[in-house]
Each structure stands twice: as structure tokens, then as C-alpha cells.
Amino acid sequence: MVKKIYKLLLERYGYQDWWPVHEGNDKFLEVSIGAILTQNTNWRNVEKAIRNLLEENLLDWEALSKVEEKKLKECIKPAGFYNQKAKTIKGFVRTIKDIDRDRITRKLLLSIKGIGNETADSILLYGLEKPFFVIDSYTKRLFYRLGMINQKNIKYEELQNFIIKRIERDVEVYKQYHALIVEHSKIHCRKKPNCINCPLERYCTKML
Ligand code: SF4
């Protein structure tokens with residue numbers, strides 16, 4: 001069933017070009033900063049903050065390690081929670097900047113204040129191409145509505161294990177599946193779902 005849902009979403013929405021990175025930039029750095037900035041906000045606000053960082057030539061390891069926190073806060077203000085996010089970015093750069101990328105683990109990322117499961121897995125999957133499936137509130141809501149899990153507030157690792165046991169362990173599949181869930185949750189499976197013409201309608205237990 002988990003595979004079937006993936007197939008149906010892919011058929012409906014097609015290949016998702018994630019994660020968007022500006023040409024010539026360090027993909028790992030830009031994905032990581034984007035993953036931190038996107039906490040509790042939408043992507044449009046993240047884009048504004050990223051644009052500010054680019055204009056100030058701050059999307060760079062050295063520049064980010066040297067920039068004053070005050071300046072960093074000004075740039076990332078559009079993404080909200082900028083005091084906390086500036087500290088997280090500083091902590092991330094301090095911890096990761098000089099480490100060989102092969103040695104960056106989930107445990108290391110989670111040791112940085114402000115980085116939780118979803119942010120760590122997004123960095124590992126989209127920034128480092130490592131097979132970590134990203135769970136977010138859209139994923140929980142969708143699988144709950146489909147009747148595949150019986151509590152909305154299922155633990156992160158529990159849902160992650162449930163999904164990865166049922167699909168092939170493949171970075172591209174993990175990337176696509178997560179991006180497709182986000183797309184589906186914006187178009188159909190919103191907070192107040194728009195079930196008409198939903199590609200998963202046949203399998204859904206909470207269809208309106
Ligand atoms: S039928 Fe409705 S509730 Fe079910 S997955 Fe589709 S949009 Fe969501």
C-alpha cells in the first residue's frame with residue numbers, strides 16, 4: 001500500500017525537482033540553511049531570506065562563520081523566529097564547516113541546538129544524498145487520513161520505520177516520495193481537504 005500510494009502520487013504529479021538550489025552554490029550548505037529556515041514557516045518566506053543572504057554574499061561557509069549574529073538576523077528575518085534560527089545557523093556552521101562530509105551523521109546533526117529529526121533528515125537526504133526518509137506534519141496527516149496509522153501524533157521514528165520498511169531503500173525514491181506528499185498536501189490533502197478528484201480517493205478512510 002505504501003508503494004501504491006507513491007506510484008499514484010508520481011503518476012498524478014510527476015517528477016518533483018527538489019531541493020531548489022541557486023546555480024554555482026554549495027548545494028549542501030544551501031539545503032542545510034534552507035532546512036533550518038523552513039522550520040515553522042512556508043517556502044516563500046525562506047526564499048526571501050535566502051535571497052537576502054545571497055545579496056550579502058553570506059551563503060558561504062567562511063562568510064557565515066564570520067558574520068555577526070545581528071547582521072545574520074536581519075537577513076533571515078523574513079523566515080521568522082530569526083533569533084533562534086540565527087543561533088542554529090551559527091551552531092551548524094561551527095560544528096560542520098571543517099568536517100569531512102562522509103563523517104556527518106544524523107547523531108552529529110541532532111547534537112546541534114535547534115536541529116531536530118525533520119531538519120536533520122532533510123539535510124542528510126537532500127543535501128548529502130543519504131537515505132533518510134523525511135517525515136513532516138503533511139506525512140503524518142496523509143497517512144492518518146489514509147487509515148495507515150491510527151494516531152495523528154505518531155512518533156517521528158515510528159512513522160519513518162513504517163514507511164521505509166515498505167519501500168525500496170533508494171535516495172531518489174525517498175526524495176520524490178517526500179516531495180510528492182508535500183505537493184499532494186498543498187493541492188488536495190490540505191488542512192481542510194479538497195477530496196474531489198484526489199488520486200488517493202479509493203484508498204482513503206477520511207474522504208470528505
Ligand atoms: S481523499 Fe481527501 S482526505 Fe483522503 S487523501 Fe485525498 S484529499 Fe486527503
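Q: How far apart do the C-alpha centres of domain 1 and domain 2 lie?
A: This is a predicted model. Its chain is divided into domain 1, which covers 2-16 + 133-203, and domain 2, which covers 27-127. The distance between the C-alpha centres of the two domains is 26 Å.

Q: What area do domain 1 and domain 2 bury between them?
A: The size of an interface is often given as the accessible area lost when the parts come together. Here, twelve residues of domain 1 are in contact with eight residues of domain 2. Carbon and sulfur atoms account for 58% of the buried area, and the total is about 800 Å².

Q: Which residues of domain 1 lose the most area to domain 2?
A: On the side of domain 1, three residues together make up 57% of what that side buries. These residues are Val-134, Tyr-156 and Lys-175.

Q: How many residue pairs are in polar contact between domain 1 and domain 2?
A: Salt bridges between domain 1 and domain 2 number zero. For polar contacts, with both residues at pLDDT 80 or more, the count of residue pairs is four.

Q: Which helix supplies the largest share of the side of domain 1 that touches domain 2?
A: Both α10 (156-164) and α11 (171-187) supply at least two residues of this side. By class, the side has seven nonpolar, two polar and three charged residues. The largest share, five residues, comes from α11.

Q: How many of the eleven residues of helix α2 are buried?
A: Helix α2 spans residues 27-37 and is mostly covered. Its buried residues, among them Phe-28, Val-31 and Leu-37, pack against α3, α4, α5, α6 and α8. The number of buried residues in α2 is ten.

Q: Which residue has a side-chain oxygen that reaches the backbone nitrogen of Phe-28?
A: Phe-28 is one of the buried residues of α2. At the start of this helix, a side-chain oxygen comes to within 3.0 Å of the backbone nitrogen of Phe-28, and that oxygen belongs to Asp-26.

Q: Which peptide bond is cis?
A: Most peptide bonds are trans. In the loop between α1 (2-13) and α2 lies Trp-19. With omega near 0 degrees, the cis bond is the one from Trp-18 to Trp-19.

Q: Is Asn-40, with its relative accessible area of 66%, buried or exposed?
A: Asn-40 lies in the loop between α2 and α3, and its phi is near 55 degrees, a positive value in a residue other than glycine. The cut-off for exposed is over 50% relative accessible area. Because its relative accessible area is 66%, Asn-40 is exposed.

Note on methods: Residues are numbered from 1 along each chain as its sequence is written. This is a predicted model: local features need pLDDT of at least 70, side-chain atom pairs count only at pLDDT 80 or more; totals for chains, interfaces and linings use all residues. Side-chain values use heavy atoms; hydrogens and water are left out. Buried means under 20% relative accessible area, exposed over 50%, partly exposed in between (1.4 Å probe, protein chains only). Helices (H or I, at least four residues) and strands (E, at least two) are DSSP runs, numbered from the N terminus. Contact means heavy atoms within 4.5 Å. A polar contact is a pair of N or O atoms within 3.5 Å; within protein, one must be able to donate a hydrogen and the other to accept it, and residues adjacent in sequence count only if both atoms are side-chain atoms. Domain bounds come from an automatic or database domain assignment. Buried area is the accessible area (1.4 Å probe) that two parts lose on being put together, summed over both. A salt bridge is a side-chain nitrogen of Lys or Arg within 4 Å of a carboxyl oxygen of Asp or Glu. Ala, Val, Leu, Ile, Met, Phe, Trp, Tyr, Cys and Pro count as nonpolar, Asp, Glu, Lys and Arg as charged, and the others, Gly among them, as polar.
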